[in-house]
Amino acid sequence: GKKVGLITNHTGRARDGRSTIDVLHGAPGVQLVALFSPEHGIRGILDEEVPASRDEKTGLPIHSLYGTTRRPTDAMLAGIDTLVLDLQDVGVRFYTYQTTMAYVMEEAAKLKIPVVVLDRPNPISGERVEGPTSAPSTEFISYFEMPVRHGMTMGELARLFNAERKINAELTVVPLSGWSREQWFDETGLLWINPSPNIRNLNQATLYPGIGAIEYSNISVGRGTDQPFEQIGAPWIDGPRLAEHLNARSIAGIRFYPVTFTPKSSKYANEACQGVFMVVTDRAMLRPVRVGIEIASALSTLFKDRFDLATSARLLGKQESFDRALRGDDPVAIVKSWSEDEARWRIVRAKYLLY
């Protein structure tokens, strides 16, 4: 008997492959009245602002939560009895779907509209926590103070946001069945669907916490190529020299080899870049955020006059770590400096874990 608004995209799928939109639209006793789209659009193919539109199959309005407003307005929520959210996250603080979820919860709480989160696995496992705790921020890429790799599911984050931010939404999390924290996505038996245009496989998702953390610098992280977040480069980088330096660091779980590539879009579009390709050799040992710091340190050491970290601290969450890398501090020592932040986060999140 409820009139439902659904926040979802192409990752919202039932086990039989049907979209969550189709499932709810055809469900007896439920009236699906509106759709809401996060960043990248309802089909997950956009890399710019998302316009409002209408769903061709159902005729339902699609309200954009990544356009002129990033919060659902009272007008968008008019006539809705329950909000349902079904989005596949990638387990990284600056991935925007979790902020969209938090904003939906905040606006729903004001109007006393219940929120139901359909949980999905953390694809890079729910055990690992890594990185410095971010500074308090109002940025869309940093809703809550936490490490880059938070080790939670969307449902668990919803519970944490609701309590820690005192949102007090009427929240229900529909938990996963059969998932345990140590599982990676390839151990779930679920069909991989790219959560966004540039996260196209599990390897890229595995590297994303560290490579994504440095992408506001003046390097290409492979956007505009077939292998984003698996390779980095720039016109001013000497790829063999960088690969040699990084491999000499003996970073656990990863090896590097020199490559050239020419992005078709994004940073350095149509310019030949040299850099390195990253091969994950042991994901259990890999600390991807350390990889980001190691690359930043290597670029600063080898190409000091050319490398510019710019506003990357907004992604990593702590300027001090990048400052130390630029000064030439050992990346291992920088990583160790995060241990207290990581330990505190494990204590905070423990109350909200479902698995």
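Tutor: Start with contact: heavy atoms within 4.5 Å. The model here is predicted. With that cut-off, Ser265 touches Arg223 and Gly224, not counting residues up to four places away in sequence.

Student: What makes Ser265 partly exposed?

Tutor: Its relative accessibility is 37%. Buried means under 20% and exposed means over 50%. The value falls in between, so Ser265 counts as partly exposed. Ser265 lies in the loop between β9 and β10.

Student: How far apart are Ser265 and Arg283 in sequence and in space?

Tutor: They are 18 residues apart in sequence. C-alpha to C-alpha, they are 29 Å apart in space.

Student: Asn270 is in that loop too. Why does Asn270 count as exposed?

Tutor: Exposed means over 50%. Asn270 has 63% relative accessibility, so it counts as exposed. Its loop runs between β9 (254-261) and β10 (273-280).

Student: What is the phi of Asn270?

Tutor: It is positive, about 65°, although Asn270 is not a glycine.

Student: Ala310 is not a glycine either, yet it has a positive phi. What is the value?

Tutor: About 50°. Ala310 sits in the loop between α7 and α8 (313-316).

Student: Why is Ala310 called partly exposed?

Tutor: Ala310 has 45% relative accessibility. Ala310 and Leu176 are 134 residues apart along the chain, and their C-alpha atoms are separated by 40 Å.

Student: Now Ser19. Why is Ser19 called buried?

Tutor: Its relative accessible area is 14%. The cut-off is under 20%, so Ser19 is buried. Ser19 is in the loop between β1 and α1 (20-25).

Student: Which residues are in contact with Ser19, leaving aside neighbours within four places in sequence?

Tutor: Gly12 and Arg13.

Student: Turn to α3. How do you know that α3 is largely enclosed by the rest of the structure?

Tutor: Count its buried residues. Twelve of the 14 are buried, so α3 is largely enclosed. Among them are Tyr97, Thr100, Val104, Glu107 and Ala109.

Student: What covers the buried residues of α3?

Tutor: The cover includes strands β1 (2-8), β5 (82-86), β6 (115-118) and β7 (171-174). It also includes helices α2 (74-77) and α4 (154-164).

Student: How does the reach of α3 compare with the expected span?

Tutor: Helix α3 covers residues 97-110. From first C-alpha to last, α3 reaches 20 Å, close to the 20 Å expected at 1.5 Å a residue. Just after α3, Lys112 takes a positive phi of about 60°.

Student: What makes α3 oblique to α4?

Tutor: Their axes come within 10 Å and cross at roughly 45°. The crossing is right-handed.

Student: Which residues make the contact of α3 with α4?

Tutor: Tyr97, Gln98, Met101, Ala102 and Met105 come from α3. Met154, Leu157, Ala158, Phe161 and Asn162 come from α4. By class, the contact has eight nonpolar, two polar and no charged residues.

Student: Does a helix repeat explain such spacing, or what is the general rule?

Tutor: An α-helix has 3.6 residues a turn, so residues three or four places apart point the same way.

Student: Why are α6 and α7 called oblique?

Tutor: Helix α6 (residues 239-248) and helix α7 (residues 288-302) pack at about 125°, with axes 10 Å apart. The perpendicular range is 65 to 115 and antiparallel starts over 145, so α6 and α7 are oblique. Their crossing is right-handed.

Student: What makes the contact of α6 with α7?

Tutor: From α6, Arg241, Leu242, His245 and Leu246. From α7, Glu294, Ile295, Ala298, Leu299, Thr301 and Leu302. The classes are six nonpolar, two polar and two charged.

Student: At what angle do α7 and α9 pack?

Tutor: About 40°, with axes 8 Å apart. Helix α9 is residues 319-327. The crossing is right-handed. Ile293, Ala296, Ser297 and Ser300 in α7 meet Ser321, Phe322, Ala325 and Leu326 in α9. These divide into five nonpolar, three polar and no charged.

Technical notes:
Residues numbered from 1 in each chain as written. Predicted model: local features only at pLDDT ≥ 70, side-chain atom pairs only at ≥ 80, totals over all residues. Heavy atoms only, no water. Helix = DSSP H or I, 4+ residues; strand = E, 2+ residues; numbered from the N terminus. Expected span 1.5 Å × (residues − 1). Buried < 20%, exposed > 50% of the residue type's maximum accessible area, 1.4 Å probe, protein only. Axes fitted to C-alpha atoms, helices over the stretch in contact; angles between N-to-C directions. Parallel < 35°, antiparallel > 145°, perpendicular 65-115°, else oblique. Left-handed = near helix turned anticlockwise from the far one by under 90°. Nonpolar A, V, L, I, M, F, W, Y, C, P; charged D, E, K, R; others polar.
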